[in-house]
Amino acid sequence: MRARQSEIERRGSRIFELVDKHPEPLFSKAGFYQRLIALSMRDERFKVQLFRFVDVLPSLRHSREIIEHLNEYFSDDGFGPFVGTGVHLARIVPWASGPILRWNVSGMAHQFIAGKNPDDVIRTLRKRRSQKIGFTVDLLGEAVVSEADADEYAARYLDLLEKLARETKNLTDPLGKNSELFPVVNLSVKISALYSQINPADPADAIAHLAPKLRALLRRAREVGAFINFDMESYAHKNTTLELFKTIFTEEEFKNWPHAGIVIQADLRDLIEWGRKRGTRFAVRLVKGAYWDYETTKSLQNGWDCPVYLQKPESDSNFETLTRLLLENESIVTAAFGSHNVRSIAHAQAFADALGLDPSRFEFQLLYGMAGPIKRALVEMGYRVREYCPVGELLPGMAYLVRRLLENTSNEGFLRAKFAENVSAKELLRDPRELIKPAVAGISDPGGIASSDGKNSTSLDIAPGDVYRNSPLVNFAYKDSQEKMQGALREVRKRFGEKYPLVIGGEKVWTDQLTPSVNPSAPDEIVGYGSEAGIPEAERAVKAAREAFGKWSRTPFEERARLLERAADILERRRYELSAVEVFEVGKPWNEADGDIREAIDFCRFYAQQMRRLGRPKLTQRVPGEDSYHHYWPRGVAFVIAPWNFPIAILCGMASAGVVTGNTVIMKPSEQSIVCGAMLMQVFEEAGVPSGVLNFLSGHGSVIGAHLVDHKDVDLIAFTGSREVGLKIWESAGITRPGQRELKRVICEMGGKNAMIVDSDADVGEAVGYSIYSAFGFQGQKCSALSRLILLQDNYDRVMERLIPAAASLRVGNPEEPGIMVGPVIDEAAYRRILDYIEIGKSEATLAYQAKDVPPQGYFIPPTIFTDVKPNMRIAREEIFGPVLSVLKVRGLDEALEVANGTDYALTGGFFSRSPANIERVKAQLEAGNIYINRSCTGAIVGRHPFGGFKMSGSGTKAGGEDYLLNFLVPRVVTENTTRHGFAPEETPEYRDEFLPP
């Protein structure tokens, strides 16, 4: 090992000698650009603002807008005189400053982007060829949100291939040896650009749509003698990309074609084994990954294991391990090493030499615009060098530019260390394994928000007072997760038609009447039957709850909290099964169903933790001679009425809050989701809920619901549902009945008419993607769903030209299939009501889009978009609760806020903008209980996004928030005079044990 290290150091030192013969700064452009980047490496806050300004600049069409954004991003005096003076001068002469700024940022982009179009890039490629540097060309473009975008991308790839082949046909191999392995024309293809509906849960669908487009490209590449490389993008697409590559290149047509390759960071052994079975050479570009920031952020948000290394030396060490594996299998795989790290390059050289491999049989790939001296050094040493050359316009190139800037200014980046900080060669050539630090709290999980198991398990041991952690979502990118879900669907289908009893006072109760619950995707299928409760059963449930209240209300809060945590563990164990029930009973797509179960788990664990916080009496003030403690008592019997759209999460959230606070609960699911309610009751029974503490009643709301709302012995009503029913409950609960002992408490969460505003400087692709999901995800059947899209007139045309094709690309179908986004609405009544609203929309506004291809069986409503909508129209004021989106055009942000705030509702609202000033204004002025900036307006997470609205959206409570349990409690203060004949204790504890009878 020491000998190999010495050889690596010798080769690395030689590279550095050649590099130092032609020294240059980290960036080839000096002046303005060099000073900005140098400042960004010293000041992290400036770096963030700089990259955000770079990102938004191409969308700003007027000098005035450029200067306004410049001022918003850089007006802080803390950035130093260079920045401060520049901002001041820009404000004085905006008509000149705007174009100058755009020109300078264009210069930054052009350092990393080889050309704006195929014709433009040819000059660059010929120049590089004269320097004995090859190329692989990639297309930059805006995010693909529709099949129209994808088809355009496919056409651009073919056009690029044709022009490259035509313009480079006279170019020869720079080494003149083993040239058959390295065609001159080399094209890198992103599969995400060729299909807008790729879903990690459904690789088969992605392959079915991608393969035809790729076959056409591959056939032409074979005809013109070109090489095609499949780029690896985000981790979510990894399995699909690998499976697609293996599928196509095992087909008879391409089985013997060697000029294909794939980018990879892991899973190399399986790929090599596949290649040997195939029997034809293929290529692998080994990389360390360009999406580190995205992958770490995404995995931490979702509670997943991070798919990338969190320490740079770990990544470097893994790169060397895979380098050795590639070179050891050179007989079947052509290696391309994508790295600027001289240590990594020298390691590959040394190992190849030890194996006796000719340097012409592998290559080093480096990015265009970076590490020029390293490229020259490698050419001088006789190695193959290829540049990764992006081609595209400035606007779509910004995301690429920002990634390159992040890499260049990273504290751990090799190029920064060598060319900006002049770190010694000896240090740069150290074995990366020596630099790996032991795992330390906070390194592997910045912020401490991920769970202990990133795939799907969430067994968390949370000590009293510990930081609450959300359960991770199931990651359907994993094949085992897909198989578990498919298995659960098969098992649940076998149970169709089962009957479920009421549960009252711990006893299962059957009635003569059964309520069927049907599959909205196939209404002739009965998922299950629920026993139908009447007035006698309702009375019996109240009696059982009242009798159980005395003991349960005096049960220690720790025991109640542990009950919820046991329930959470059971929900976790039955996660796939319960998700499958939701797919069948309420038509939820896979990811939406899993999100619902995740929320139920989170409610149990969060409310358990919150009860520990609230359960101990707390001293009000420190006063000598007096102890005064504030604490809480439960209210009594709680009646929980839940909707069908979050059939386990909301029912569990309200019921678990009632139980953990010491109340006894009667829970009633919606008639459309009886089986889900029965499943939740089974969970609590298994968890050991005492008899009478939680009672399960299914039946008609007009019968048992109305009776229990008016009941004198019901002390609290927790309702989530429609405005019509909610207001009736609110009114009825205000009437004091004969014999009633308490003023009824009502927790009332109702609907919304949620608006999303898109600013003139918004990222259009991002805004369209999130708007489509917010409006049409789960068929728009969320109280938080987007109903009104408010577009500023400056951006209206740009948004609409991408919004309609994006809607037209949605997958509508049976959610039993993975990857479906739009399934059926809940039942025939909803189906007819939504169709009636669509007819109203046709009479009031302009039907801009309506899907045509929807399944003939089931309650499927086509995604529908109306334009020319005015704020006073019914479709802009009334909650539709279906896949119907109204688009309103406004003159500016003032009018946008007026329109957004102009309804009876205030539940969720969203804003897409890259103007810091406008973002702050919307945060302050938009009337909604949950405001979402630059993301979807749905998908609240327990503890992270306490959820609930005001006005006619609700009573102002926040489910999943720290103050939610207070709605189920009455406050109490106990004061004791501790003075005896002038003597008082010196110390009084801040917290004491709860007040419990002996």
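Reader: Is S691 buried or exposed?

Author: This is a predicted model, in which local features need pLDDT of at least 70, side-chain atom pairs count only at pLDDT 80 or more, and totals for chains, interfaces and linings use all residues. Buried means under 20% relative accessible area, exposed over 50%, and partly exposed in between, with a 1.4 Å probe and protein chains only. With a relative accessibility of 51%, S691 therefore counts as exposed.

Reader: Which residues does S691 touch, not counting residues up to four places away in sequence?

Author: S691 sits in the loop between α25 (674-687) and β18 (694-696); helices (H or I, at least four residues) and strands (E, at least two) are DSSP runs, numbered from the N terminus. With contact meaning heavy atoms within 4.5 Å, and without counting residues up to four places away, S691 touches G505, G506 and A548.

Reader: How many aromatic pairs does the structure hold, and of what kind is the pair of F249 and F254?

Author: Rings of Phe, Tyr and Trp (its six-membered ring) pair if their centres lie within 6.5 Å; planes under 30 degrees apart count as stacked, over 60 as edge-to-face and the rest as tilted. By this criterion the structure holds 29 aromatic pairs. The ring centres of F249 and F254 are 6.3 Å apart and their planes stand at 70°, so this pair is edge-to-face.

Reader: In the pair of Y770 and F912, what is the angle between the planes?

Author: Y770 and F912 are stacked, at 5.9 Å centre to centre, and the angle between their planes is 25°.
The pair links distant parts of the chain, 142 residues apart: Y770 is in helix α28 (residues 764-776) and F912 in strand β27 (residues 908-912). Y770 is partly exposed at 34% relative accessible area, whereas F912 is buried at 0%. The angle asked for is 25°.

Reader: Which residues of the largest nonpolar core touch the most other members?

Author: A nonpolar core is a set of buried Ala, Val, Leu, Ile, Met, Phe, Trp, Tyr and Cys residues joined through side-chain atoms within 4.5 Å. The largest such core has 90 residues, and those that touch the most other members are L187, F249, L271 and F337.

Reader: Which residue of β4 is the bridge partner of F230?

Author: Strand β4 (residues 260-264) is mostly covered, with 5 of its 5 residues buried; A260, I262 and I264 point one way, and G261 and V263 the other. In a regular strand the side chains alternate between the two faces of the sheet. Two strands pair if DSSP finds at least two bridges between them, and strand β3 (residues 227-230) pairs with β4 in the parallel sense over 3 bridges. The partner of F230 in β4 is I262.

Reader: What is the distance between the closest N and O atoms of R10 and E7?

Author: A salt bridge is a side-chain nitrogen of Lys or Arg within 4 Å of a carboxyl oxygen of Asp or Glu, and by this rule the count comes to 70. R10 and E7 both lie in helix α1 (residues 2-21), 3 residues apart, about one turn of the helix. E7 is partly exposed, at 22% relative accessible area. In the salt bridge of R10 with E7, the closest N and O atoms are separated by 2.7 Å.

Reader: How many residues apart are E17 and R14?

Author: The side chains of E17 and R14 form a salt bridge at 3.4 Å, N to O. Both are partly exposed, E17 at 46% and R14 at 38%. They belong to helix α1 and are separated by about one helical turn, that is, by 3 residues.

Reader: What is the N to O distance in the salt bridge of R430 and E427?

Author: R430 is partly exposed at 29% relative accessible area, and E427 is partly exposed at 37%. Their side chains meet in a salt bridge with an N to O distance of 3.3 Å.

Key
Residues numbered from 1 in each chain as written. Heavy atoms only, no water.
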